[in-house]
Amino acid sequence: MSVTLDYVKLPASGYITAAFYTPGSFSNWKSPTATELNAAAPTAAQFSKSISWNDFGFGVQASNTIDDPSLADIGNVTDRGAAQYGGAVSYYYPNAFDDNSNAYSLTYDAIGTPRTLGYMVLRIDGLKPSTQVFAEGDYIHVLQVLSDGQTNSITGEEAFRYTVNWLQKGNLAVYTVVQGGSDPAVVVTGSATPAAAAKYRLRATVAGREYTNGVVWTTSAPAVATVSSGGVVTVLGASAATATITATFEATGGTDTLDITVA
Amino acid sequence: MADTRLYRENVTLALAFPEAFANWEAPTAAELNGALVINITCALNEDGTTFDLGDSDTDDTITFCQAAGSVSPTFYNPEVVYEAERSTLPTATNQANTAFGLLAFPDVEYFAILRVGKDSDVAFAVGDRVSLVRAATDLPVDVAGNGENVRLQQNFLNKGDVNWGFEVAA
């Protein structure tokens, strides 16, 4: 029996925004503000327009893995190692250099010199074309990069392009949340009066977006209630015992709490 | 029953928070149908999703009583990758956004669940054949190409526990 999907799949073409920012563009690169993101030159729309799908191979990849189990580990246990990101982005050459009315020229001025350091920002978040400015609550990647080698595609009938290999420089925030004028609000929801021995999930939003697995969960009283990285509370205490569950958006340090009392 | 084979639309893929099970080696149908087990089958792209058991690590040493060449498997090597479609409406309530919320952030531990043999919208029941693999999320990988839909790939990290092909008990 076929099931009708309850969503429409997001097409890639036209709905990926890329932008480049020089070091110092953000007061907090882990959660830039919309104002900071929209102040780029070239704009995100211009920068995205300058990128060809051909030879596009930039983004976050699977992390290195660490095989270093303890004596207590049973079976094949693997941990997450260093993040891996970067890759190739191919840009159109401008018809005329130093032409501030030409997106390709502005992009070339920004990143055409090898070993340019900065942040690449990617937005893949619903039907938001690159011409749509960044807004509070957008999900973005912020990836610190350094441009390295360039490969020229300057033959044949296609528009001339230069493909830049972007090296990772260590700082990355994956699916972080764009701030508005102030730190984005963290809001925790869920039962505050669980039954003894209950196991249930709290939810957290950041700037109004679902972010339960992205926040850091902690408990004030592990003997009363534990909370997992997925927001799952396990009640261990007896009736009337209390604990405070805290969700922290690490990018800004913003928190929200929920006081629970065992019913 | 005639010799009929099983065909598509008879797979269920889900993620369970480890707290869902009192004993992950013998999950009950009630636990598998509980709120801490989340069915995301309809969000997963079948070309990019794998749920396999690779060859085990082996110990090739033998005792004086074993035949030459006897091999003992040691660790199971499950290989679980979920690749979820993205939704055009990122704040809507739908399976794609549910999957995104579960898969987009690193270091969250689950049991990945595979059931073969029934539609994904059929509740778990006694007798179902199910596999569980304890795994943690890595950083997500965006998969995108011109003319394609965007997907989010999660290459799970093994966390040791494997319960492969068990029959759900009461």
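Across the interface of chain B and chain A, 25 residue pairs are in polar contact, both residues standing at pLDDT 80 or more, where a polar contact is a pair of N or O atoms within 3.5 Å and, within protein, one atom must be able to donate a hydrogen and the other to accept it, residues adjacent in sequence counting only if both atoms are side-chain atoms. On the side of chain B that touches chain A, at least two residues each come from β6 (77–85), α2 (95–103), β7 (109–116), β9 (141–143), β10 (151–155) and β11 (157–167); helices (H or I, at least four residues) and strands (E, at least two) are DSSP runs, numbered from the N terminus.

This is a predicted model, in which local features need pLDDT of at least 70 and side-chain atom pairs count only at pLDDT 80 or more, while totals for chains, interfaces and linings use all residues. Residues are numbered from 1 along each chain as its sequence is written, chains are lettered from A and ligands numbered from 1 in the order in which they are written, and side-chain values use heavy atoms, with hydrogens and water left out.

**Interface of chain B and chain A**

- The contact, meaning heavy atoms within 4.5 Å, takes 51 residues from chain B and 48 residues from chain A.
- Between them the two chains bury about 4,300 Å², 58% of it on carbon and sulfur atoms, buried area being the accessible area (1.4 Å probe) that two parts lose on being put together, summed over both.
- The count of salt bridges between chain B and chain A is 3, a salt bridge being a side-chain nitrogen of Lys or Arg within 4 Å of a carboxyl oxygen of Asp or Glu.
- Lys9(A) forms a salt bridge with Glu85(B), and the closest N and O atoms of this pair are 3.8 Å apart.

**Strand β10 of chain B**

- Of the 5 residues of β10(B), 4 are buried, so this strand is largely enclosed by the rest of the structure; buried means under 20% relative accessible area, exposed over 50%, and partly exposed in between (1.4 Å probe, protein chains only).
- β10(B) is joined to β6(B) by 5 bridges, and these strands run antiparallel, with Val81(B) standing opposite Asn155(B) in β10(B); two strands pair if DSSP finds at least two bridges between them.
- β9(B) also pairs with β10(B) in the antiparallel sense, over 3 bridges, and here Asp142(B) stands opposite Leu152(B).

**Chain A as a whole**

- The secondary structure of chain A comes to 3 helices and 17 strands, and along its principal axes the C-alpha trace spans about 75 × 50 × 45 Å.
- Buried residues make up 48% of the 263 residues in chain A.
- Among contacts in chain A between residues at least 6 apart in sequence, 65% join residues at least 24 apart.

- β6(A) is mostly covered, with 6 of its 7 residues buried.
- β1(A) and β6(A) pair in the antiparallel sense over 5 bridges, and Phe20(A) has Met120(A) in β6(A) as its bridge partner.
- β6(A) and β7(A) run antiparallel and are joined by 6 bridges, with Leu122(A) opposite His141(A) in β7(A).
- Phe134(A), in the loop between β6 (117–123) and β7 (139–153) of chain A, is buried, with a relative accessible area of 3%.
- Leaving aside neighbours within four places in sequence, Phe134(A) is in contact with residues including Thr17(A), Tyr21(A), Leu37(A), Val121(A) and Ile140(A).

**Helix α3 of chain A**

- The buried residues of α3 (residues 103–111) of chain A are Ala103(A), Ser105(A), Leu106(A), Thr107(A) and Ile111(A), and what covers them includes β1 (17–21), α2 (44–49), β5 (84–92), β7 and β8 (161–177) of chain A.
- Asn102(A) caps the N-terminal end of α3(A), with a side-chain oxygen 2.8 Å from the backbone nitrogen of Tyr104(A).

**An open sheet in chain A**

- An open sheet of 3 strands in chain A has the order β13-β16-β17, with antiparallel pairing.
- β13 (216–219) and β17 (254–261) of chain A stand at the edges with a single partner strand each, so one side of each is left without a neighbour in the sheet.
- β13(A) pairs with β16 (residues 242–249) of chain A in the antiparallel sense over 4 bridges, and Thr219(A) stands opposite Ile245(A) in β16(A).
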